[in-house]
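Student: I am new to this structure and would like a close look at a single part of it. Could you take me through that part slowly, in connected sentences?

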Amino acid sequence: MIIVIDALNKDRFGDLLDEMFQLRARVFGDRLGWEVEIVDGREIDQFDRLDPAYVIGLDDEGHVISCVRALQTTGPHMLSDVFQVLLDGEPPLRSATLWESTRFCVDTQRLCRDGESMKAVSMATCELMIGSLEYARRSGISDIITVIDPVVNRVLKRSDNAPYDYVGSTKQMGKVPAMAALLDCTEERISRVRAFAGIQHDVFASDDAVRALLDSREDAGSVSADVAEWLALMSQPQEPEVPVLPEDIRDYCRAQIESAETDADRAAALRLVEILVRERIYPATHQLVAQG
Amino acid sequence: MNADLIDLGSEPRHAESFVTFLDQLCDRFELDHAAYAGTNPISGSVHGYVNYPDPWKQHYTQNGLHRIDPTLLVASRSIAPVDWSRLEKTEGFAKTFRDAKDFGITDRGLTIPVRGPYGDIGMLSVTRDCSASDWKKLSEHILPDLQSVAVHVHDTVMRSDALSRALRYPALSTREREILQWIAAGKSQQDIGDILGISHRTVEVHLRSGREKLYALTTPQAVGRAIMLGLIYPL
C-alpha cells in the first residue's frame, strides 16, 4: 500500500518518516556509496527541509519498503542546486507541470528475507511507481524528471516503464553513475505498469487506515531524536515575514547590474545577487552548492 | 491554448490587469472566484489580487482572516494542489468560512501553491459553488492548465521590481533554444522531433519549459519574446 506524506500530514507520521530516512541511509549511503550525509543512521538532506512530498510504500505490517521524494521544478530542487553536473552545465528544465523525483529506493533487504525475493522487490517497485505516477497525475502534473542510477533505470525498462528520454548525461556519483530520466504521467504509462505487475486495485491507503495499522504494532510511534528535531523544526508555523533582502544590499546589487558594461560583468553581478539571496533564504542549501 | 487569457508577460502590468486576468480565468474554467497571493523576499513585498465581491473582501480584511486562513497558510506548504476538503479539520477553517455563506461565498475550492527560485511563494486559489461530484469532475479537468496559469501569474507578479526582473532573466538551455528556433522556422513539433532525433514528448517538455521561462502562455508569444531577447534569430 502507498501513502503520500507532505507538510500537511507529516505530524501524524513521524515514525514512518524515521523509517524512511533509515532506509535511505542504507541504500544511498551504504549500498550506492553516494556522498550523502548520514547522522545516527538516518539520511536527511537540505531538500527534506523544503516541505517535499514523499510517496512511501508499506508492507502489510506497515513497515516502509519503498520511497521516493517529489519537489516542484519551479522552485529549488536537486537538479537546479546540487546535481547540475548531470546537466553538462545547462540550465535545468523548469515547468509548472514537471516535478522532480529523487531518492527513489526499495528495501531489498527487508523484502529478500522471505523466499520469493525477486518477485517481492519487483512488486514493491511497481507499486511505488504506480503510486507516484498517479499522485503526480491527479495533481495536474504531466511529466516527471527523476534522478536515478543504472540499476533503477534497468528496473524501469523491465517493468514496461522505460523513460522516454534522458536530459544531460550519465555521471559518476560515488560508487555508481547517476542520470536524469524523463517519464510522462499518462494513463497509458500507468496502465502498462499496472498490467506488467498485475496490480488492478487502488494502491493508496487512507491516512486513518495507515495510522491505525501502525498503532496496532508494539513499536508504534517510535521516532529517533534527530527526526523528532527535524519534525519540530518543520512544524513551526510558516513565518509570515519572509527573510527579506535588506534595502541597501538591494540598491547596491541593482547599481552593480545597471552599471555593468559587458555581459560578463552583468553575469557576475547577477551571480552575486543570486548567492546573497540564496544564502539568506536557504543557508544550508547554499552550503551544498559551495561544496560542489 | 490559453489564447483567451491576456498575456501578463508583456508590459505594462497594473493591478487592474491582474484582476482582469482572474476574471478571464474564472470565465474560461467555469469558476466563481479566484485569488492570487504571493511574497517576494527580494523586494520585500507581499502581493494580493482577488475578484471576490467587495463585502467579502471587507469582512475578510476586517476580521484578519488572512492570519488564520488555512487555504493560504497551510496550503502553501504542499507541493500539490490542495483541495479545501483536505483542510476542513484544520484550525481556522471553520472560523474562516463561518460567515462565508452569508456573503454568497462557497468553501468548495482548491489552492495551487507555487514555489519560485528565490524563496518566493505564491498561491492561486479558485472556488466554485457546485455539488461534490461536479467539483471533482471540474477540478480534475482543469488542474493541468490551472497549474500553468498559477506559475504564469506568480512569475509575472514576482518580476514587478527591477532587481527581481534582472534575476529572472530567462535561462534557456541549448535544447530549449534550438526547439524554439525550429518553431520560428515554421516546423511542427513532430517535424522537430524527427530533425533532432528525439521523441515528440521530449520536444513538448522542453517547449513547455522554454515557454514558461519566457513568461509566455502560448508558443507564438514565446517565440516573439525569444526573438526580442536575442535568444533565437528571426527568420
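Tutor: Let us look at the second largest pocket, whose lining residues divide into 15 nonpolar, 8 polar and 11 charged. Please keep in mind throughout that this is a predicted model. The space in the second largest pocket comes to about 1,100 Å³, and of the 34 residues that line the pocket, those closest to its centre are A:Pro91, A:Glu274, B:Tyr118, B:Leu167 and B:Ala171. At least two residues of the lining are supplied by each of helix H2 (78-81), helix H10 (263-281) and helix H11 (283-291) of chain A, and likewise by helix H6 (162-167) of chain B. The helix that gives the most to this lining is H10(A), with 8 residues.

On the side of H7(B), the contact is made by B:Arg175, B:Glu178, B:Ile179, B:Trp182 and B:Ile183, while H8(B) brings B:Ile192, B:Ile195 and B:Leu196. Sorted by class, this contact of H7(B) with H8(B) holds 6 nonpolar and 2 charged residues and no polar ones.

Technical notes. Residues are numbered from 1 along each chain as its sequence is written. Chains are lettered from A and ligands numbered from 1 in the order in which they are written. This is a predicted model: local features need pLDDT of at least 70, side-chain atom pairs count only at pLDDT 80 or more; totals for chains, interfaces and linings use all residues. Side-chain values use heavy atoms; hydrogens and water are left out. Contact means heavy atoms within 4.5 Å. Helices (H or I, at least four residues) and strands (E, at least two) are DSSP runs, numbered from the N terminus. Ala, Val, Leu, Ile, Met, Phe, Trp, Tyr, Cys and Pro count as nonpolar, Asp, Glu, Lys and Arg as charged, and the others, Gly among them, as polar. On a 1 Å grid over the protein atoms alone, a cavity is a set of points where a 1.4 Å probe fits but cannot get out, and a pocket is an open set with protein on both sides within 12 Å along at least five of seven lines; lining residues have an atom within 4 Å of a point. Grid points are joined across faces, edges and corners, and a volume is the space filled by probe spheres set on the points.
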